[in-house]
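These are my notebook entries on a structure that I looked up. I kept to a few topics and recorded each in turn.

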Amino acid sequence: MLPPGMERTGTQPNKVTDAIWKRRVALFLAGYTLLFFWLAYRKFALFTDNSADTSIITHGIWATLHGQLFPDYTLEMCYFGDHASYVLLTLLPIYWLVPTVPMLLFLQSLFIAASGIPMFLIARRILANSWAALYIMAAFLLFPTVVSQHVNTIHDTQFIIVFLLWAFYFYHIERFGLFVLFAALSCLGKENVPLTVMVFGIYALLQRRHWKWVVTPLVVGAAAMIAVFKLIMPPLRAGKPYRSFGYFGALGKSPGEVLETLLTKPGMFFGTLFSADRILFLIQLLQPLVIILPFFSLAVIFVAPDLLVNLLVENSSLRAIPWHYNLTVAAFLFVAVIFSIQKVAGWLESRQGKAPYAVGIGVLLLCLSASQWVLWLNPNDYRQSPQYEALQGALAMVPGTASVLVPQTMLANVANRWNF
């Protein structure tokens, strides 16, 4: 008799153990959500967070409810002309009911935590071990580029990682309709997400799946990109260029020019890709995964679109561990790691005999993720500053509709008005 959670390979939990594990996962995710929402709220309440993006999102939601479609006050145009973050529109009804930044922070923490559910199911399906799946889920949710997003700023990617992971889960269990649904929902997150969706088609081709698994994600992703870049964004940009293409600097002003640089000036291309700061970033990103563990699996190809862009651009913000640009990378690094654990555990079992190797590796990954808190958690952000009471008093004196000038750390506190 195996203990609960130690199901043999190829089996699935029975109804009793399944109910037990549902409760365990639910309790963990509930505690996780509340803890990191509290940390996010405390930074907001103490005026210690970098609230620039939070203020853009908050103001966009507030302004949409007051008759103007998601303006970006920093760019003086519609936010959707700069980013295809249509998932943010789903927050409108809840903000209408509870029009506060803490509610948006709670929803963000809830969505991040919810991404743990498909991660747990993927791991349990592949490893046939619920304890291993629980530790891997916890390691993923405490991975620096993931856990930092609770206390970083409100943004779009945090709300669609759960959809991408559900898409992979339904791809893996071959539920085609649900896979297509979640792949399409993922494309509502940001303009670069359709590239990741298209990788499903390449992955299916390499796995020699039925043609519908190859063609459909390629069509869905391509259609989403055409719709975004050719139909939706241009009129909303009011004649302004798409600024993200400018991030590539000397490599080119468009993906086509970057490809031309690769073909005509490979030294410049690879010199940028493997420069010292990029290598340091990769070490910081991969060290909680023992550096090499993701690369034992074909699923690592899913990280290519986002990671390649983040390595090539001049804007160093895309290589900052505590920022939101590597959430998709983190999600699929862990998917790849799950398959790698399956291979490593099988290799160890064939040489050392039966043992809970997957559980052990899961515990190791959890410890490594948790140990990297120094990359994203600054204890000073949660201490009351000497000027806190003065700032709080000044904020209380400002009428709700008045124009106001505030420090950047307070922008989100006053974003529910036209001029701030």
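The terms I use are buried for under 20% relative accessible area, exposed for over 50%, and partly exposed in between, with a 1.4 Å probe and protein chains only. The model is predicted, so local features need pLDDT of at least 70 and side-chain atom pairs count only at pLDDT 80 or more, while totals for chains, interfaces and linings use all residues. Residues are numbered from 1 along each chain as its sequence is written, and side-chain values use heavy atoms, with hydrogens and water left out.

Cysteines. I searched for disulfides, taken as pairs of cysteine sulfur atoms within 2.5 Å, and the count is zero. C187 is in no disulfide, and its nearest cysteine sulfur, that of C78, lies 19 Å away. I noted C187 as buried, at 8% relative accessibility.

Aromatic rings. I counted rings of Phe, Tyr and Trp (its six-membered ring) as a pair if their centres lie within 6.5 Å; planes under 30 degrees apart are stacked, over 60 edge-to-face, and the rest tilted. The count by this rule is 47 aromatic pairs. One of them is F37 with Y41, a tilted pair with 6.3 Å between centres and 40° between planes. These two residues are four apart in helix α1 (residues 15-45), so about one helical turn separates F37 from Y41. Helices here are DSSP runs of H or I, at least four residues, numbered from the N terminus. I also looked up F80 and Y86, whose ring centres are 5.3 Å apart with planes at 55°, so this pair is tilted. Both F80 and Y86 are buried.

Cluster and charge. I recorded one aromatic cluster whose members include Y171, W213, F302 and F339. A charge sits over a ring if NZ of Lys or CZ of Arg is within 6 Å of the ring centre and within 35 degrees of the ring normal. R209 lies over the face of Y171, 3.7 Å from the ring centre, and its charged end also sits over the ring of W213, 4.8 Å from the centre.
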